[in-house]
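Subject: A structure for you to explore

Hi there,

Here is the structure I promised to pass on. Have a look at it first, and then read my notes below.

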Amino acid sequence: MQEIINIFVKSIFVDNMIFAFFLGMCSYLAVSKTVKTSMGLGIAVVFVLLITVPLNYIIDNYLLKEGALVWISPKFATIDLSYLSFIIFIAVIAAMVQLVEMFVEKTSPVLYAQLGIFLPLIAVNCAILGASLFMQERQYNNIGEVTGFALGSGIGWLLAIVGIAAIREKLRYSQVPAPLKGLGITFIITGLMAIAFMSFLGIKL
Amino acid sequence: MAEFNFKLIKNPLSKENPITIQVLGICSALAVTAKLQPAFVMALSVTVVVAFSNVIISFLRNTIPPRIRIIVQLVIVSLLVILVDQVLKAFVYDVSKQLSVFVGLIITNCIVMGRLEAFAMSNKPFDSFLDGIGNGLGYAVILITLGVVRELFGSGTLWGYQIIPESFYNFGYQNNSLMIMPPMALILVGIIIWVQRARNKELCEKE
């Protein structure tokens with residue numbers, strides 16, 4: 001349990017998706033104009049991460065890894081399908097996003113009105129695929145740790161996008177040099193936020 | 001054969017640069033540029049993937065049903081990325097280890113999807129190929145600039161070779177280790193955008 005909490009906290013602050021790995025920057029820059037929409041996108045990302053990363057973990061462990069097919073027959077112990085992981089992961093993500101969209105549309109129209117427009121965007125958000133690939137690379141021990149990692153990364157992303165959106169709302173009233181307006185200043189502020197987040201380096205529970 | 005449309009290559013290098021103007025493909029641009037070599041390999045891989053996926057999609061553009069086009073595009077792009085990944089693992093294993101997940105992330109690199117949607121779906125294969133090469137090069141220019149600046153000031157080397165002489169260090173010169181940290185990449189891109197827009201006023205955002 002302590003290990004899971006450790007991974008959770010670490011993936012929010014230390015290995016933050018945006019400030020340490022720059023994943024999901026495209027939608028981060030495009031959708032962070034107001035706090036409300038960025039909150040919507042952030043929640044959608046947490047949601048999709050929580051579903052796809054553990055699912056991909058199961059697929060990786062029981063289908064793709066070297067020796068993962070032993071449960072079918074011991075003869076398959078040397079088969080290594082991990083070169084297929086990119087295409088399988090992206091297919092799982094695209095399919096899950098579609099399913100989640102349909103599910104949310106049927107069950108909760110209110111939530112759909114808030115998340116709906118963001119869900120298709122998420123299929124091609126690098127944070128989602130990135131989380132699955134990191135999960136594969138870091139070799140977590142069990143599904144609990146993977147879920148902790150997925151939740152933590154999602155919340156870290158949410159934190160970052162809501163933070164920058166709040167700053168950008170205030171920024172509208174300040175005098176930024178014309179060539180730096182919009183994109184340029186957003187980059188520099190993100191850089192400064194990343195420096196702030198660096199102070200969490202070495203945190204251990 | 002369509003005539004060689006030079007503009008398709010030239011524009012993405014400056015005033016339609018995928019990173020600084022179209023804001024596509026930022027994720028990988030920042031993460032792999034702490035050293036020059038991985039930045040160069042990454043730029044090359046992305047150029048190859050963009051160019052060839054543009055060609056393939058452009059050939060198929062009239063047969064793909066619009067409702068499922070995203071998934072068709074993803075499948076084609078991920079096939080190309082798997083090829084690139086296997087080639088990198090076979091020939092430059094060290095670099096492929098350094099790039100880690102970012103090779104896989106070319107699939108969701110917005111440059112690829114963005115150019116497929118914006119260009120290849122409505123243009124001829126040869127033009128799409130040029131557009132892919134052009135955008136790949138535009139991406140490469142930024143990546144290599146970042147790679148040179150960050151490696152030179154961050155570790156005093158270029159492509160792994162020592163550039164800043166030993167005598168400088170004896171006089172008390174220090175490598176700026178902030179340069180190889182992630183935040184500096186963001187700030188450097190901000191500065192590149194600033195310089196580019198200050199030189200070309202048309203690109204400034206109005207608000």
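Let's begin where the two chains meet. Chain A and chain B bury about 3500 Å² between them, and 83% of that area lies on carbon and sulfur atoms. If that way of putting it is new to you, the size of an interface is often given as the accessible area lost when the parts come together. Please keep in mind that this is a predicted model.

Which three residues supply more of the area that chain A buries against chain B than any other three? They are A:Phe22, A:Phe86 and A:Pro179, which supply 19% of it. In all, the contact takes 40 residues from chain A and 42 residues from chain B.

On the side of chain A that touches chain B, the elements giving two or more residues are α2 (25–31), α4 (85–107), α7 (126–138) and α9 (183–198) of chain A. Of these, α9(A) gives the most, with 10 residues. Sorted by class, this side of chain A has 30 nonpolar, 7 polar and 3 charged residues.

Finally, here is chain A as a whole. How many helices and strands does chain A have? There are 9 helices and 0 strands, so the pattern read along the sequence is α-α-α-α-α-α-α-α-α. The C-alpha trace of chain A spans about 70 × 45 × 30 Å along its principal axes.

Enjoy exploring!

Note on methods. Residues numbered from 1 in each chain as written. Chains lettered and ligands numbered in written order. Predicted model: local features only at pLDDT ≥ 70, side-chain atom pairs only at ≥ 80, totals over all residues. Heavy atoms only, no water. Contact = heavy atoms within 4.5 Å. Buried area = accessible area lost by both parts, 1.4 Å probe. Helix = DSSP H or I, 4+ residues; strand = E, 2+ residues; numbered from the N terminus. Nonpolar A, V, L, I, M, F, W, Y, C, P; charged D, E, K, R; others polar.
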